[in-house]
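Trainee: Can you walk me through this one? I'd like to start with the strands.

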Amino acid sequence: MTATPSQAATTAHPFPTHVTYQVGIMPSASQSSRDAAVEKQYDSWKSNYLVHGCASNEYYVSTKGDADATNNGPVSEGQGYGMNIVPLMAGYDANAQSEFNGLWQLVKDHEDQYGMMQWQLDGKSCKYYSGGTPDGATDGDLDIGYGLILADKQWGGYSTDAKTWLADFYAHNVAPDGHLKCEDDGPNTDTRPSDHMLDHLRAFAAYDTAHDWNKVVTRTEAVINEFTASYSPTGGLLSDFVVGAGTTSPQPAPANYQENQPDNIVGYNSIRVPWHLGTDALVNGSSTAATSYNTARKESACLKGESGGDPQKVYPHTNLNCTPYSTSDQAEEAGDSVGPAAMAAGDQAWTDAIWNQLGTNPFGDGYFGETIKTLVYLVMAGDYWSPSSGGTSSNDFALSAGPSNGSVAAGGSVSSTVSTTVTSGSAQSVALSASGVPSGASVSFGPASVTAGGSATVTISTSASTPAGSYPITITGSAASGSHTTTYTLTVTGSGGGGCTSAQLLGDPGFENGTNAAPWVQTSGVGSAPVNNDTADEPAHSGSWTAWLNGAGKPDTDTVAQTVTLPANCTAAGLSYWLHIDTTENTSTAASDTFKVQVLNSNGTVLATLAGYSNLNHNSGYTQHTASLAAYAGQTVTLKFTGAETDAHGGTTDFVLDDTALNVSP
């Protein structure tokens, strides 16, 4: 191996480098809060597991808390994880390159006969600890190779080392037919699905054209498809170890094939598969990474079903038919690893639930869970840039309006501030425009374009002929990188002439704005946004989105609310909404889970409860309900829907709201 490069002067992709993935969705949390969460986790991981040793020019990732090596020493798997994490955090961590060089130095100082890292070292002596002739493990050696490519793209100077490493890996870890062996001195007959890091293999193919990595990609995908078709066609799950990998009929390994656990089902190895396949799908898209995309979507649905949507109940040992093998063993990394697959599947509620779990450590996981969490955090935050042709990073910005709503009498005007922020890259010019303006009204911006990071005043002027009603006005910012929108809700009241124009006042009455839920304001006691499009589990009354309150299987209060001004000169104001209630509560007498429809004033005081429902009102489909708000003519009120779940009788209740309306007329 060549000498380690010295500290570079520049970092090509400083953290945070925001990535636009090829498919899927992002967690609902803002980009800035996602970046901050990654930084917090990295600081914790680094202080607990990145050790300056064994020699003065070496670093290693400690296995503290998991006993994977004596005296908390390193294993090649962890060393590879570290060599992926540290380059991705360069720019935030000013010492990233020297730490990477130390990690790489330890690998070079502990190579086996084939040039791969000795898979297990003692934490004090730093000597090979496992029995027999020192050998390597495929997962760690894959990550080490990928880390060298990341470092070369980040700082430069690692090309020779990377290509030498990949040549040795190809010679000793790839079976003749192209599938990945479990270790460099192992047989050509088996494989370990947690090694199927297809995003790494595609990066190798782009970087190292001297070897046929596309052959490895093709055979790896074939093993996944052949195995799942026979043993997990619905769930897409893969067992910890697979035998017959060199044939067209791969099958689960015997129960204790390599480790003292049931290697014929999902265990602590294959819990990583949805992370790896989901990441490949996100980075490389549903066409290039079709096998990863299709399998990850199945795994996401399977593990969501197993857990009831609770990431803590994704169990480390799971049967291939999506049922728990055992519920006595729990580990955070089992649920965390599903995050990239949930994103690729486009499941917003499930993605958000996993994102929220990342901020905790409910079972006190050590090195393994906390290190996997760090890498999953990078992917889910949108900070996982590919060294090859995957997701792209560029200049980008965000747009917001404050306040986001206002009321005006016909003939008057109202103003708000449109703010822009740089979310990645450099500031660029943003041109502002508006659509959805009611008849007789106009919009002006001062100024009409801003440099990202700046703000403008938007003024909406109405005429005496502008009809009364509530209007969601879309404000668009356009720049070289693309366009972003925000919504301003304008409420126009009567001009004082005594007339009333019939109108529907609620903005986005069917929740079809999706994750940009404005003008609705939503809250959740468990962190899952009520407005979602999980119509496979809870169909919409119409369209693709609903407000799904509760149903998390734990005590929870969810709300959706909207503020609206009722014209003083309209005598009729009819609220209508469609509600579907289903429940598994084991009671026919107790109203343990409730749903209320209320009107509040500007101080948040409840003026009236218009209707109330409970688990006892469950029905097979949607029922339309109505109520009058005529008593609040001339007032600005908040219409609030609140679902409260106690799970007092061993079940859960779903309150699904859709197609609301507030119609006023003379």
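**A first look at the fold**

Mentor: Two bridges join β3 to strand β4 (residues 242-243), and the two run antiparallel. This is a predicted model, where local features need pLDDT of at least 70, side-chain atom pairs count only at pLDDT 80 or more, and totals for chains, interfaces and linings use all residues. Residues are numbered from 1 along each chain as its sequence is written, and side-chain values use heavy atoms, with hydrogens and water left out.

Trainee: What counts as a strand, and when do two of them pair?

Mentor: Strands (E, at least two residues) and helices (H or I, at least four) are DSSP runs, numbered from the N terminus. Two strands pair if DSSP finds at least two bridges between them.

Trainee: Which residue stands opposite Val 242 in β4?

Mentor: Thr 191 does.

Trainee: What order do the strands take in that open sheet?

Mentor: The order is β3-β4-β5, 3 strands with antiparallel pairing. β3 (190-191) and β5 (251-252) are at the edges with a single partner strand each, so one side of each has no neighbour in the sheet.

Trainee: Switching topic. Where are the cis peptide bonds?

Mentor: One joins Gly 53 and Cys 54, with omega about 10 degrees. Cys 54 sits in the loop between β1 (50-52) and β2 (59-61). Another joins Gly 446 and Pro 447, with omega about -5 degrees. Pro 447 is in the loop between β10 (442-446) and β11 (449-451).

Trainee: Why point those out?

Mentor: Most peptide bonds are trans, and most residues other than glycine have a negative phi.

Trainee: So which residues have a positive phi although they are not glycine?

Mentor: Ala 67 has a phi of about 55 degrees. Cys 126 has one of about 60 degrees.

Trainee: Is Ala 67 buried or exposed?

Mentor: Ala 67 is exposed, at 68% relative accessible area. Exposed means over 50%, buried under 20%, and partly exposed in between (1.4 Å probe, protein chains only). Ala 67 lies in the loop between β2 and α2 (76-88).

Trainee: And Cys 126, buried or exposed?

Mentor: Buried, with 4% relative accessibility. Cys 126 is in the loop between α3 (96-108) and α4 (138-154).

Trainee: Helices next. How do α6 and α7 pack?

Mentor: Helix α6 (residues 198-207) and helix α7 (residues 213-231) pack at about 160 degrees, with axes 8 Å apart. Axes are lines fitted to C-alpha atoms, for helices over the stretch in contact, and angles run from 0 to 180 degrees between N-to-C directions. The two helices are therefore roughly antiparallel. That label is for angles over 145 degrees; under 35 is roughly parallel, 65 to 115 roughly perpendicular, the rest oblique.

Trainee: Which α6 residues meet α7?

Mentor: Leu 198, Leu 201, Arg 202, Phe 204 and Ala 205. Their partners in α7 include Trp 213, Val 217 and Ile 224. Contact means heavy atoms within 4.5 Å.

Trainee: Back to strands. How many residues of β13 are buried?

Mentor: In β13 (residues 469-479), 8 of 11 are buried. β13 pairs with β9 (residues 429-435) in the antiparallel sense over 5 bridges. Ser 435 has Thr 474 in β13 as its bridge partner.

Trainee: Last one. Where is Met 343?

Mentor: In helix α11 (residues 339-345). Met 343 is buried, at 0% relative accessible area. Beyond neighbours within four places in sequence, its contacts include Tyr 21, Pro 27, Leu 282 and Met 380.
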